[in-house]
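Visitor: Could you take me through some ring pairs and a helix packing here?

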Amino acid sequence: MIARLSDGLRRALDSDIFYSFRNSPLTILSAVVTLIFFIGAFFSPWLAPHNPFDVATLNLMDAFTPPVWLPEGNPIYPIGTDDQGRDLLSAIMYGTRVSLVVGFCSVAFAMVLGVSLGLISGYFGGMVDSVIMRVADVQLTFPAILIALLLDGVVRGLMGTEQHDNLALMVLVFSIGLSYWVQYARTVRGSVLVERNKEYVQAARVIGLPSVLIMIRHVLPNVLGPVLVIATINLALAVITEATLSFLGVGLPPTQPSLGTLIRIGNGFLFSGEWWITVFPGIALAVFVLAVNLLGDWLRDALNPRLR
Amino acid sequence: MRLRTLFTVAALGLTMALPLAAVTSTPAAAKTFRWANDGDVNSMDPYARNETFLLSFNLNIYEPLVRRTADLKKDPGLATEWKATSPTVWQFKLRQGVKFSDGTPFTADDVVFSYGRAVGPGSNIGTAFASVKEVRKIDDFTVEVETKYPNPIFVDEITNWGIMSKAWCEKNNAVNSADLTKNEENFATRNAMGTGPFMLKSREPDVKTVLVPNPGWWDKPQHNLTEVVFQRIANGATRVAALKSGEIDMVYTIPPQDVEPLKKSDGISVLEGPETRVVYLGFDQARDELLYSNIKGKNPFKDPKVRLAFWQAIDTDAIKTRVMRGQSQPVALMWAPGINGYSKDVDVRPKYDPEASKKLLAEAGYDKGFELTLDCPNDRYVNDEAICQAVTAMLARVGVKVTLRAQNRLKYFAQILGPKYDTSFYMLGWTPATYDAHNAMQALMQTRDNKQIGLFNVGGWSNKKFDDLANTIAQELDQPKRDAMIKEAAIIHRDEVGHIPLHQQYVVWAARKNIDLKQQADNMFPLRFVKVN
């Protein structure tokens, strides 16, 4: 077991991908940044200096404390507090966690939906293919954010405010996921069209394996490369979309603030000089999205045989 | 290539045509006044809700018998004169020759009809008529109002009562007001037709409402407007940015944090002053079990100790300095300075003291605290949601775990107002329309009779002695005696903690320098005093 593991590790370190990773300082940097965000976000209950959700610890008199390097700054709150006296650093850590959860879940949802539809479409062809691809074409003509807004609005109308607040996270995942599945479906379908006439698929068919099994066991692993690239870039997109929706006030409620909600709350204080309430969550969002995008770009190049 | 040339030509043509179009569509005399608020007027029906903003907006279209001047003096509106012919009868002489904007003449029938509509189902303004026994037509231009008891301030009570056209309401199936608390709608919800200085041109709920002057208005206009565009801009920063950029001319609610920066910016004048409104918190004391709490089988708010504990847990001074940035005046009464019946020596708040509060809660049997939902509007009062968040945190410190439910005013009022009173702990604000404490006592604090009295007593606080005092005050003509009774009633309410008054908020409006307008202490905004220079 250990031998197999170390063998695998050695092979991974020897691989082309790792080679290209090692030789790109920008990629290493963005990987480190992404990792810091992941750790900061997912371990926020242990790492964050305060718990912004425990309202009993908030003191209104601490509200609008500026960052520590400005006059009136307080070392307890390194980058200041918001309008209710919440520590901004902790709020950003917790907020990033919410944003990431939404991001990961909606990417997973979009991926499962898109990949399955793409597989079905490419493998069966004909009518099925036409229907699925035309739906995808129509959806591609709308910007993803518009679709997410529309879905969110419909669900909100159906549920009422209170229920919506409780389910806001699910609704967001659903609407963002539904607006990004097309790319997966298109890509997977293209790859499946190439793969399905190859000998190994024909061989599997000849032995009499059921179509579902052929798709999952044989075709899927061979089309996953591009899906991984899209998923990485989509994570950044999903986080941005979530932030946009929350900024517009249709995303997560202030009781479980994400980065977008924090930016929205802070936006009200831009003219009055409390810039840190909106600028720091904004910087966090920008840096994280940039890092993930750079990682995705690198992954795309590394997996592209023509660029080797 | 040809296509590209075509595009270039088209683009050039457009850029040249646009400014031209703008010039031609705006004749030199056009004076469009654009203004914005965080929340919308939720109905064009002037009886739909007894709320300052809704009344204020709709009174540009509908007019009362007796209106108010900019400095809040009574002024003949649709009635040219009025007098008490006996202690219980008021006689109004109506203005002759007035036409509704659809051309039908205004007569006594419309007044009698409007009274029936105002006290009828769906109307929310019935409280003003609590003393009225009957409204009679004497002849086409004379109306008599008979009251159940001598009511010296009746005329003050009806200055927000816009007269509607009987014919128009009957024709359009809007004889009764649509009940906003049930999300009802009828023709009068989106359409309006009155005798007033302005007419409704177009209405997109939550987006834009356009008014144009009524050319057939009986009075000589003081304004010089040719069009009024009202927009709802929910985000405070966006509102301020729109004002700075000149996209809008006036903002009705400036967020406290933007007041100082705005004062320093060129071309914008900031108008501010204390409003005669008290923002307060109320508790459900009527039900035997709270609707939104984890305490079952009893209602903690029936215990005055719990109510006092809440009051002592809330630091109104911190709310003043941090949330309101100094633009509020904490009060202990349900009516603010400027209202007849306010007395400084009663205006004493219990000390902010979380320890005392915890002790009181423990004495009442809630040493482990309890859970509760606080209902709050998020576009009605200045920084309402932020105040509620702060209250949530302050109560958490004495062990009461409060969940905040903040909604826009349409949903909020539909939920918490009568007849449902669907709340356990809520925020409201009140300006006595008569500038007299009795109005607040009757609407907010007297025991509900489920008709007109106590209509806004959302929590159902009830005190026999207080009720008796309020009923006597309504009829008392001797001013010193009356004031003494108001004071006594105020002390009863304060000591029992019927509600928790938070503060008197400041009204802050801002307008571009070329706009000439007057700010009123009741936060009403009649467009007929606005001038665009």
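Visitor: How many aromatic pairs are there over all chains?
Guide: The model is predicted, so local features need pLDDT of at least 70 and side-chain atom pairs count only at pLDDT 80 or more, whereas totals for chains, interfaces and linings use all residues. Residues are numbered from 1 along each chain as its sequence is written, chains are lettered from A in the order in which they are written, and side-chain values use heavy atoms, without hydrogens and water. Rings of Phe, Tyr and Trp (its six-membered ring) pair if their centres lie within 6.5 Å, and by this rule the count over all chains is 45.

Visitor: Are the planes of Trp275(A) and Phe280(A) stacked, edge-to-face or tilted?
Guide: Planes under 30 degrees apart count as stacked, over 60 as edge-to-face and the rest as tilted. The ring centres of Trp275(A) and Phe280(A) lie 5.7 Å apart with their planes at 45°, so the pair is tilted.

Visitor: Is Phe280(A) buried or exposed?
Guide: Buried means under 20% relative accessible area, exposed over 50%, and partly exposed in between (1.4 Å probe, protein chains only). Trp275(A), at 30%, counts as partly exposed. With a relative accessible area of 16%, Phe280(A) is buried.

Visitor: How are α15(B) and α16(B) oriented, roughly parallel or roughly antiparallel?
Guide: Helices are DSSP runs (H or I, at least four residues), numbered from the N terminus, and angles under 35 degrees count as roughly parallel, over 145 as roughly antiparallel, 65 to 115 as roughly perpendicular and the rest as oblique. Helix α15 (residues 464-475) and helix α16 (residues 479-496) of chain B pack at about 155°, with axes 10 Å apart. That makes the orientation of α15(B) to α16(B) roughly antiparallel.

How values were computed. Axes fitted to C-alpha atoms, helices over the stretch in contact; angles between N-to-C directions. Helix = DSSP H or I, 4+ residues; strand = E, 2+ residues; numbered from the N terminus.
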